Amino acid sequence: MKFTTVKGTRDILPDEIISWRYVENVIHDTMVSFNYKEIRTPLFEKTELFARSIGEHTDIVTKEMYTFKDHSKTKLTLKPELTAPVVRAYIQHNLSQLGPLAKLYYIAPLFRQERPQAGRFRQFHQYGVEAIGSPYPEQDVELILLAKAIYERIGISGYTIKLNSVGDPVCRKDYVERLKKALKPSLNLLCKNCRFRYDKNPMRIFDCKEERCREIFQERAPVIADFLCENCKQHFEAVKRHLDDLGFQYTIDPHMVRGLDYYTSTTFEFISKELGAQDALCGGGRYDLLVQELGGKPTPAAGFAAGIERLLMVMNRQQIKVQDEKPLQVFIIPMGVQFIDSALRLIDRLRNKGFSCEMDHLRRSLKSQMREANRQKVKFTVIIGDEEMKRGTITVKNMENGVQESIPEQKLEDYLLNTLKK
Ligand code: HAM
């Protein structure tokens, strides 16, 4: 039997790792420059954490979670997102003691049992942030600035920003009533899922991807902007004003509710036309009630998360090439098995001094070892043979310019450092 990866999952092979590392480094550096601190949470959590926070009637909770019972019959779920685990950690470890505003970030694999397609996987990776403690619009704006800074530093372009406010439970109450009223006459034209959601959690109908349902919403559904209470309205106006002032282009998408129940007021998404149907590069918003709902003190919060695979897809399409940051420096060539001891001693010495080194473990001929060094685009080859041993020297070849020199063995590190500096 031949084993292959499970549907919707993929191996990240050495060739791709160069881009992954590059992207991860840009993310870490940008997070530091925005003063966010890294947090890492377990791969699985109690199922209830996700059901309570993401919402029982969302696609994630009803269809997509990988849930299992452990030996003690506790129901556990591989994390499908990270806002709830980070809020759980914030409450559990009383992270408010770190200061009135906890600015946290993460890079992690997540799991959703979705139908795989281009840009949609069952195991995928997100980076994201949760800023817990500020109720103010400038915090929402910082999230958008941060999302944009990462894309700018990486060099991708051609994305648009969608913005909305989903209000708070007060304004949503009136809105939901009007929404139900407006859709009632078309109820039998909506899909089964939408009809179910109409009863249980009407705003979730906007997650429906069916063309027919979407046309009906477009035509009939009221927009929440018309129902925002004074607080939510002012908050949203301030977010837009700051973005205008910063010269940001964005569009308002009045039906963008996002697929998770915890949002209040601002929501946003970055959309890339390079991505096809799964076009969201990142998404987030404010969730002022979640900390309290999960058992903490009332604490406003906002955050966003972004798919790394989707970012890499856009980089690929836009031909953003990433160089291997640390190519191999030295390839040591023993000219026969009798020189393997000397080669091992030398390679150990160089590696301990911080050089990246390789030697042949296949006992190949001088010619094949040279060919291998060329294939690996190494900077120097170092040859150890009879002549060299007699004279206490080694032969170093600079593979970039072809210059070959014989130098005292003890001087090798200085020689390499001096030549690398030039
Ligand atoms: P989300 O919109 O579910 O939000 O996911 C955020 C991003 O993760 C998406 O925009 C997309 O780039 C990527 N993504 C989601 N599902 C998949 C998938 N199956 N395959 C590949 N990429 C995917 C959240 O997860 C919220 N927790 C974001 C947030 C943080 N809101 C506040 N704080």
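Which residues of helix α2 are buried?

Modeller: First, a caution: this is a predicted model. Now to the helix. Helix α2 covers residues 47-54. Its buried residues are Thr47, Leu49, Phe50, Ala51, Ser53 and Ile54.

What covers it? The buried residues of α2 pack against several elements. Two of these are helices α3 (59-64) and α4 (83-92). Another helix, α10 (290-293), also takes part. Strands join in as well: β2 (44-46), β3 (67-69) and β4 (75-78). Just after α2 comes glycine 55, with a positive phi of about 115°.

Now step back to the whole chain. It has 15 helices and 16 strands. Of its 422 residues, 50% count as buried. A compact globule of 422 residues would have a radius of gyration near 22 Å, but this chain has 28 Å. Its C-alpha trace spans about 95 × 55 × 45 Å along the principal axes. Take the contacts between residues at least 6 apart: 70% of them join residues at least 24 apart.

The largest nonpolar core has 99 residues. Those with the most contacts inside it are Tyr127, Ile132, Tyr151, Phe217, Phe270 and Phe304. Helix α5 (residues 137-154) gives the most to this core, with nine residues.

Look at Phe270 up close. Setting aside residues up to four places away in sequence, Phe270 touches Ile144, Ala147, Lys148 and Tyr151, among others. Its partners also include Tyr159, Thr160 and Ile161. Further along the chain, Phe270 touches Asp279, Ala280, Leu281 and Cys282.

One more residue deserves a look. Glycine 128 is found in strand β6 (residues 123-132). Is it buried or exposed? Glycine 128 has a relative accessible area of 0%, so it counts as buried. Beyond its neighbours within four places in sequence, glycine 128 is in contact with Met31, Leu104, Tyr105, Tyr106, Phe304 and Ala305. Its C-alpha atom is separated by 8.8 Å from that of threonine 83, 45 residues apart along the chain.

The accessible surface of the chain comes to about 22,500 Å². Carbon and sulfur atoms account for 50% of that surface.

Key. Residues numbered from 1 in each chain as written. Predicted model: local features only at pLDDT ≥ 70, side-chain atom pairs only at ≥ 80, totals over all residues. Heavy atoms only, no water. Helix = DSSP H or I, 4+ residues; strand = E, 2+ residues; numbered from the N terminus. Rg over C-alpha atoms; globule rule 2.2 N^0.38 Å. Buried < 20%, exposed > 50% of the residue type's maximum accessible area, 1.4 Å probe, protein only. Contact = heavy atoms within 4.5 Å. Areas by Shrake-Rupley, 256 points an atom, 1.4 Å probe, with all protein chains shown as cover. Core = buried A, V, L, I, M, F, W, Y, C linked by side-chain atoms within 4.5 Å.
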